[in-house]
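Dear colleague,

Please find below the structure I promised to pass on to you. My notes on what was found in it follow directly after it.

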Amino acid sequence: MTEIFFKKYFNILNNLLGKIDTKDISSIYNLILKKSKKGKILIFGNGANISNSAHFATDMTKNGKIKVQVFNDPNLITCFSNDYGFDNWITKTIEYYGDRNDLVILLSASGESRNLINAAKYCKKKKIHTVSICGFKKNNSLSKHCKFNLWIDSKAYNLIEICQISILSSLVAVSYTHLRAHETKAN
């Protein structure tokens, strides 16, 4: 019985990943490359996605040689949440640490997280480029305020989060591959 469950589970996951348009992932990568030349890459999420954000930031900085910042310090989150409200801690973080030439990546399973939506609205007002990677509804509230959106066709949090980390890991992998190709040509 468990073997059948796992077979179905991984088939669902494979189908979800197979539906994601690789042109969209390539567009995100090109935007990351462009923005990293003049600005910073900032990434945010809630729950499991703050962990996905931290994993991506570390791997992209170390292996992809593109600096990515994540703000997962409990001191910062609780201070800003206490002073400005949880719905505004990300906006305030971007206000303090972000610049116009930056790229802000927002991860949400549902696309309805108020703190991420508020951050996207702030970025839109300040002309800071944003990318959202979400599931649930294609036209979710977060996507309406972001410059670029990547949608995962699922309503299951765990499957969406696995797809999100897979997408982010692929961005690291392509960056690493490009670096190695340039190093080989230089030698």
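**Findings in the predicted model**

Strand β5 (148-151), together with α1 (2-19) and β4 (129-134), supplies part of the lining of the largest pocket, with at least two residues from each of these elements. Please keep in mind that the model is a predicted one.

**The largest pocket**

The largest pocket holds about 250 Å³ of space. Its lining is made up of 16 residues, and D24, K138, L150, W151 and I152 are the closest to the centre. Which element gives the largest share of the lining? That is β5, with three residues. By class, the lining residues are six nonpolar, five polar and five charged.

**The loop between β4 and β5**

S143 is in the loop between β4 and β5. Is S143 buried or exposed? Its relative accessible area is 9%, so S143 is buried; the cut-off for that word is under 20%. Leaving aside residues up to four places away in sequence, S143 touches S132, K138 and N149.

F136 is in the loop between β4 and β5 as well. Its phi is positive, near 60 degrees, and F136 is a residue other than glycine. For background, most residues other than glycine have a negative phi. K65 also has a positive phi, of about 60 degrees, although it is not a glycine. K65 lies in the loop between α3 (48-62) and β2. With a relative accessibility of 56%, K65 counts as exposed, since that word applies over 50%.

L159 belongs to helix α7 (residues 157-186). A relative accessible area of 8% makes L159 buried. Which residues does L159 touch, not counting residues up to four places away in sequence? They are Y9, I12, L13, L16 and S154. From L159 to K121 the C-alpha to C-alpha distance is 27 Å, and the two are 38 residues apart in sequence.

I160 is in helix α7 too. Its relative accessibility is 0%, so I160 counts as buried. Not counting residues up to four places away in sequence, I160 touches A109, C134, G135, F136, I152, S154 and K155. F136 is the residue with the positive phi described above, and I152 is among the residues closest to the centre of the largest pocket. The C-alpha atoms of I160 and V68 are separated by 22 Å, and these residues are 92 places apart along the chain.

**Helices α5 and α6**

Two packed helices are described by the angle between their axes and the distance between the axes. Here, helix α5 (residues 89-97) and helix α6 (residues 114-126) have axes that come within 7 Å and cross at roughly 35 degrees. On the α5 side, W89, I90, T91, I94 and E95 take part in the contact, and they meet N115, L116, N118, A119, Y122 and C123 in α6. Sorted by class, this contact has seven nonpolar, three polar and one charged residues.

Which residues of α5 are buried? They are W89, I90, T91, T93 and I94. The cover over them includes β1, α4, β3 (103-108) and α6.

**Aromatic pairs**

How many aromatic pairs does the structure hold? There are nine. In one of them, the ring centres of F5 and F6 are 5.5 Å apart and the planes stand at 75 degrees, so this pair is edge-to-face; that label applies to planes over 60 degrees apart. F6 is partly exposed, its relative accessible area being 46%.

F44 and F71 form a stacked pair, with 5.5 Å from centre to centre and 10 degrees between the planes. F44 counts as buried at 2% relative accessibility, and F71 is buried with a relative accessible area of 8%.

Finally, ring pairs link F5, F6, Y9 and F10 into a cluster. Y9 has been named once already, as one of the residues that L159 touches.

With kind regards

Methods. Residues are numbered from 1 along each chain as its sequence is written. This is a predicted model: local features need pLDDT of at least 70, side-chain atom pairs count only at pLDDT 80 or more; totals for chains, interfaces and linings use all residues. Side-chain values use heavy atoms; hydrogens and water are left out. Axes are lines fitted to C-alpha atoms, for helices over the stretch in contact, and angles run from 0 to 180 degrees between N-to-C directions. Helices (H or I, at least four residues) and strands (E, at least two) are DSSP runs, numbered from the N terminus. Contact means heavy atoms within 4.5 Å. Ala, Val, Leu, Ile, Met, Phe, Trp, Tyr, Cys and Pro count as nonpolar, Asp, Glu, Lys and Arg as charged, and the others, Gly among them, as polar. On a 1 Å grid over the protein atoms alone, a cavity is a set of points where a 1.4 Å probe fits but cannot get out, and a pocket is an open set with protein on both sides within 12 Å along at least five of seven lines; lining residues have an atom within 4 Å of a point. Grid points are joined across faces, edges and corners, and a volume is the space filled by probe spheres set on the points. Rings of Phe, Tyr and Trp (its six-membered ring) pair if their centres lie within 6.5 Å; planes under 30 degrees apart count as stacked, over 60 as edge-to-face and the rest as tilted. Buried means under 20% relative accessible area, exposed over 50%, partly exposed in between (1.4 Å probe, protein chains only).
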